[in-house]
Amino acid sequence: MKRPASQYYWGDWRRDLALQSCSLTARGLWHEMNCLMHEGTPYGHLSINGNAISVGQLARLVGIPDRECKALLAELEAAAIYSTSAEGLIYSRRMVRDEQVRQSRAAGGAA
């Protein structure tokens, strides 16, 4: 199911010291990644049709050189901003958690 919108917690973004410790460029990449993960399958994962988006693909999608993208991903990883699934997909813990809550509520409402 494609979602036209999602909740965005501005205060959480500003209060996340690990994220705020990253460079402005890395934070910008994380924002772009969140936009892509909103469209990802499974929801909250950096994927296209269930397949991991490579560094090269991500670089092209956001319009930066591969080398810069790799360095920015390393900066985000060092700050523990994202997680990686067993299948190798980068994902947003917050987006995945929010989706689990949404599905639980939908299932409860159907009952």
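Buried here means under 20% relative accessible area, exposed means over 50%, and partly exposed lies in between, computed with a 1.4 Å probe on protein chains only. The structure is a predicted model, in which local features need pLDDT of at least 70 and side-chain atom pairs count only at pLDDT 80 or more, while totals for chains, interfaces and linings use all residues. Residues are numbered from 1 along each chain as its sequence is written, and side-chain values use heavy atoms, with hydrogens and water left out.

The buried residues of α3 are Ala26, Arg27, Leu29, Trp30, Met33, Asn34, Met37 and His38. Helices (H or I, at least four residues) and strands (E, at least two) are DSSP runs, numbered from the N terminus. The expected span of a helix is 1.5 Å times one less than its number of residues. For the 15 residues of α3 this gives 21 Å, which agrees with the 21 Å between its end C-alpha atoms.

A nonpolar core is a set of buried Ala, Val, Leu, Ile, Met, Phe, Trp, Tyr and Cys residues joined through side-chain atoms within 4.5 Å. The largest such core has 22 residues, of which Leu29, Trp30, Met33, Leu58, Leu73 and Leu76 touch the most other members. At least two residues of this core come from each of α3 (24–38), α4 (55–62) and α5 (66–78). The most are given by α3, with 5 residues.

Contact means heavy atoms within 4.5 Å. Not counting residues up to four places away in sequence, Leu76 touches Leu19, Cys22, Ala26, Leu29, Trp30, Met33, Ile81 and Tyr82.

**Packing of α3 against α5**

Axes are lines fitted to C-alpha atoms, for helices over the stretch in contact, and angles run from 0 to 180 degrees between N-to-C directions. The axes of α3 and α5 are 9 Å apart, and the two helices pack at an angle of about 90°. The pair is therefore roughly perpendicular, a class that covers 65 to 115 degrees; angles under 35 degrees count as roughly parallel, over 145 as roughly antiparallel and the rest as oblique. On the α3 side the contact is made by Thr25, Ala26, Leu29, Trp30 and Met33, and on the α5 side by Glu68, Cys69, Leu72, Leu73, Glu75 and Leu76.

His38 is located in helix α3 and is buried at 14% relative accessibility. Its side chain forms a polar contact of 3.0 Å with the side chain of Tyr43.

His45 belongs to the loop between α3 and β1 (47–48) and is also buried, with a relative accessible area of 11%. The side chain of His45 reaches the backbone oxygen of Tyr43 at 3.1 Å. Leaving aside neighbours within four places in sequence, His45 is in contact with Met37, Gly40, Leu89, Ile90, Tyr91 and Val96.

**Backbone geometry in the loops**

Most residues other than glycine have a negative phi, and most peptide bonds are trans. Thr41 and Pro42 are joined by a cis peptide bond, with omega about 0°; Pro42 is in the loop between α3 and β1. Two non-glycine residues with positive phi are listed below.

Note on methods
A polar contact is a pair of N or O atoms within 3.5 Å; within protein, one must be able to donate a hydrogen and the other to accept it, and residues adjacent in sequence count only if both atoms are side-chain atoms.
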